[in-house]
Amino acid sequence: MMAIGASALQITAARPSMFLTQRSLGVTMSSFVNESDRILSSKLTSSSHVSSVLNVKRSFTTSRTKYEKFVTKSMSEASENKPVSQLSIDLKGKRAFIAGVADDNGYGWAIAKSLAAAGAEILVGTWVPALNIFEMSLRRGKFDGSRVLPDGSLMEITKVYPLDAVFDNPDDVPEDIKANKRYAGASKWTVQEVAESVKQDFGSIDILVHSLANGPEVTKPLLETSRKGYLAAVSASSYSYVSLLKHFLPIMNPGGSSISLTYIASERIIPGYGGGMSSAKAALESDTRVLAFEAGRKKKIRVNTISAGPLGSRAAKAIGFIDTMIDYSYANAPIQKELFADEVGNTAAFLASPLASAITGALIYVDNGLNAMGVGVDSPLFTDLNIPTDKH
């Protein structure tokens, strides 16, 4: 460093993610058993978002040690004797509710970890049929390896709430669901009831995260999708966000932030991502803009969505070709590297922080730049162009 000088942007390498599988990348499709996790530098593991394409088999292997993650800090250059100021993400004293966390394998978990690493208190909403397994896994330490934060401490989840975001209030719940043994023993799990419970338990929140989706007919082409399946996808994957924000907005502190997860199938053709899911993601993105205006004017709440690349989460496996999409992304994205869930988590932490105080109504891509591509450069048609390729 120079002895004295103007401020400079210093990028500090952090340890690579420990508990991510080699093909850890994100898909925002999932059954309500889904996503969540938070962390500032890099020890996340996680979850959900989808894509599709032809059957391209990866003939290379990703070397995790090769891809270190980076924490960006704005530092003023100073002499060795002067303290170094840092621009960091500080969410101490903030409380976050993340809807859609049912394991340690999704984007929801990753977002929770990043928020926790920044100092936020974590509350999660878990799909009712997955609640017992999730809580048992937490109690037995099954997730302890995935809970490790950059400072070596474990992420604490203050409270887990049962949640089924398809239902706004008890009157919406049909008798067959009430009688379903998977819901036996659970109570107050509709969106309205969960918001009321959080208010009763904690008074208010500062951050709301929507990390859930479901398309019962996701494997069907749109032309073969039933009206029921299409509407179910929109209900679970997009209107659920409108409902969450509607019911949580009254208990959100002014200046707070709300974040959802979307996928590029909303604007590009992804064969195989069917059942109305592409339409649901398009609706979610449109709603993000409208909600940004309405929630901004009512409570000064910022509303943004993250379009994440494919991640091999448990939820993403429902699509059936997630590994193919991970291969495709690696082969064709401008930055040829594995996408880590904590990169999505860290983006969410930034959007939730005061550093993003002027950002709302935005769609942020976290996909190694794949969204910018107009063609698949792994096609034999481009062989003669000598495009640089990271081969393993």
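# Reading a predicted chain, feature by feature

Colleague: Which residues form a nonpolar patch on the surface?

Modeller: Leu87, Phe350 and Leu355 form that nonpolar patch, with about 240 Å² of accessible area together. Patches are made of residues with over 30% relative accessible area and no salt bridge, where like charges are joined within 9 Å and nonpolar side chains (Val, Leu, Ile, Met, Phe, Trp, Tyr) within 5 Å. A salt bridge is a side-chain nitrogen of Lys or Arg within 4 Å of a carboxyl oxygen of Asp or Glu, and accessible areas come from the Shrake-Rupley method with a 1.4 Å probe, only the protein chains shown counting as cover for residues. Please keep in mind that this is a predicted model, in which local features need pLDDT of at least 70 and side-chain atom pairs count only at pLDDT 80 or more, while totals for chains, interfaces and linings use all residues. Residues are numbered from 1 along each chain as its sequence is written, and side-chain values use heavy atoms, with hydrogens and water left out.

Colleague: Why does Leu87 count as partly exposed?

Modeller: Buried means under 20% relative accessible area, exposed means over 50%, and partly exposed is in between, with a 1.4 Å probe and protein chains only. Leu87 counts as partly exposed because its relative accessibility is 45%. Leu87 lies in strand β3, residues 86-87; helices (H or I, at least four residues) and strands (E, at least two) are DSSP runs, numbered from the N terminus.

Colleague: How many helices and strands are there in the protein chain?

Modeller: The protein chain has eight helices and ten strands, and of its 392 residues 55% count as buried.

Colleague: How is a helix such as α5 to be read, and where does α5 bend?

Modeller: An α-helix has 3.6 residues a turn, so residues three or four places apart point the same way. Helix α5 (residues 227-248) has 22 residues and reaches 30 Å from its first C-alpha to its last, close to the 32 Å expected, the expected span being 1.5 Å times one less than the number of residues. At Tyr239, α5 bends by about 45 degrees, where the bend is the angle between axes fitted to the seven residues ending at a residue and the seven starting there. Among the buried residues of α5 are Ala233, Ser237, Tyr241 and Leu245. The buried residues of α5 pack against several elements, including β8 (252-262), α6 (277-299) and β9 (302-308).

Colleague: What do the buried residues of α6 pack against?

Modeller: They pack against α5, β8, β9 and β10 (363-366). Leu291 is one of the buried residues of α6, and α6 bends by about 25 degrees at Leu291.

Colleague: Which residue with a positive phi follows α6?

Modeller: Most residues other than glycine have a negative phi, and most peptide bonds are trans. Lys300, which follows α6, has a positive phi near 60 degrees. Lys300 is found in the loop between α6 and β9, and it counts as exposed because its relative accessibility is 63%.

Colleague: Is Asn304 buried or exposed?

Modeller: Asn304 counts as buried because its relative accessibility is 0%, and Asn304 lies in strand β9. Contact means heavy atoms within 4.5 Å; leaving aside neighbours within four places in sequence, Asn304 is in contact with residues including Tyr241, Thr288 and Ile359.
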